[in-house]
Amino acid sequence: MDAQPTKLRIEPLLWLLFSAGGGVAAFFIPIHLFILGIAAPLGLTKATDYASATAFLAFPIVRFYLFVLCSLPLFHAAHRIRYTLYDGLQIKHLNEVIAACCYGGAVLGTVIAGYLLWSFQ
Amino acid sequence: MADTIKLEISRYSPETDAAPHFQSFEVPFRRDWVVLDALNYIKDKQDGSLTYRWSCRMGICGSCGMLVNGEPKLTCATFLADYAPASIRVEPLRNFPIVRDLVIAMNDFMRKFQKMKPWLIRKEEKPVSEGEYLQTPEQLDAYKQFSMCINCMLCYAACPVYGLDPLFAGPAAIALAQRYNLDSRDQGAKDRFPVLSQHDAIWGCTFVGECTRVCPKHVDPAGAIQQYKLTAALDWVKSVVMPWGGK
């Protein structure tokens with residue numbers, strides 16, 4: 001806790017991703033769950049079949065939005081799972097491995113989401 | 001309802017005991033008694049060697065914090081009637097070294113408090129003749145909640161991160177730093193930044209939120225820490241985007 005000279009720290013970046021991911025997940029995922037999971041099966045909305053839903057992907061802004069929606073919550077989950085494993089299971093000595101797996105998984109998921117959204121025709 | 005209630009109290013004497021053990025006491029059950037009343041009854045009538053801290057018995061001195069059935073509580077505000085007829089287990093606060101019976105050592109806590117520079121820092125003090133530093137009700141509201149802390153240490157006993165990492169600055173100390181950072185009369189936020197923006201301070205917190213849940217004064221230490229994380233993260237963004245900016 002003693003004041004040390006400021007070095008390049010990754011914690012603020014990880015926390016920003018965590019926090020942004022939590023915000024995105026909390027605000028937007030319920031909307032998608034409602035539209036696709038409740039409203040569409042009950043016939044409350046029009047045009048939610050596969051063809052019309054994917055037609056939205058013609059808009060670059062939609063692709064970007066979906067990319068953010070996939071990526072940020074992955075970093076949120078990675079951060080939370082990392083600390084749950086680290087503190088919950090008391091496996092401090094595996095910290096580097098856990099961090100690499102969690103954030104690595106989030107990076108991998110982000111790359112896959114980006115690739116799929118980019119290459120979707 | 002029974003006219004007595006059983007208390008199982010953690011006893012520890014460093015001269016004779018290798019580890020704390022429980023001792024049972026039967027005390028009269030009275031609806032208007034709190035756990036502290038029962039402890040005082042035991043000390044007066046049954047065992048004068050029982051050791052614990054207390055002072056005001058009205059939830060303002062912050063001395064009588066203990067674990068009641070495993071939960072950090074101010075014993076002066078915890079009624080026997082809420083637990084009766086079951087017995088009540090009283091232990092010293094978790095995560096601290098035990099001095100004797102229910103008394104814990106608070107040296108670490110006090111040291112962490114001092115590190116936060118919990119006083120008004122001014123670049124230049126104005127002379128007394130110019131009067132006091134004025135503050136609007138809105139400026140008071142910005143930090144008032146965090147100033148309600150009574151240093152009872154319940155949040156430290158509740159915090160699993162402090163339990164795992166004794167170097168962690170802990171909830172109350174960070175909330176106190178934020179209490180001064182948010183005070184319109186204070187100009188010391190930059191002095192506190194290097195202490196707060198550390199792995200052992202705000203970044204150590206994993207936002208379990210137990211500190212806020214157990215706080216008897218409804219301070220929100222978890223909120224203070226998250227607030228400061230945002231401040232520090234934005235400062236970090238600024239230092240990445242504008243490395244020449246300086247502080």
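**Domains and a helix pair**

Author: Chain B splits into domain 1 (4-104) and domain 2 (107-241), with bounds from an automatic or database domain assignment. This is a predicted model: local features need pLDDT of at least 70, side-chain atom pairs count only at pLDDT 80 or more, and totals for chains, interfaces and linings use all residues. Residues are numbered from 1 along each chain as its sequence is written, while chains are lettered from A and ligands numbered from 1 in the order in which they are written.

Reader: What separates the centres of domain 1 and domain 2 of chain B?

Author: 30 Å, taken over C-alpha atoms.

Reader: And how many residues are in contact there?

Author: 12 residues of domain 1 of chain B are in contact with 12 of domain 2 of chain B. Contact means C-beta atoms, placed from the backbone, within 7 Å.

Reader: Which elements give two or more residues on the domain 1 side?

Author: Strand 3 (65-68) and strand 4 (71-74) of chain B. Strands are DSSP runs of E, at least two residues; helices are H or I, at least four; both are numbered from the N terminus.

Reader: New topic. At what angle do helix 6 and helix 9 of chain B pack?

Author: About 60° between helix 6 (residues 171-181) and helix 9 (residues 221-241) of chain B, axes 8 Å apart. Axes are lines fitted to C-alpha atoms over the stretch in contact, and angles run from 0 to 180 degrees between N-to-C directions.

Reader: Who meets whom in that helix pair?

Author: Among them, B:Ile174 and B:Ala175 in helix 6 of chain B meet residues of helix 9 of chain B including B:Ile225 and B:Tyr228.

Methods: Two residues are in contact if their C-beta atoms, placed from the backbone, lie within 7 Å.
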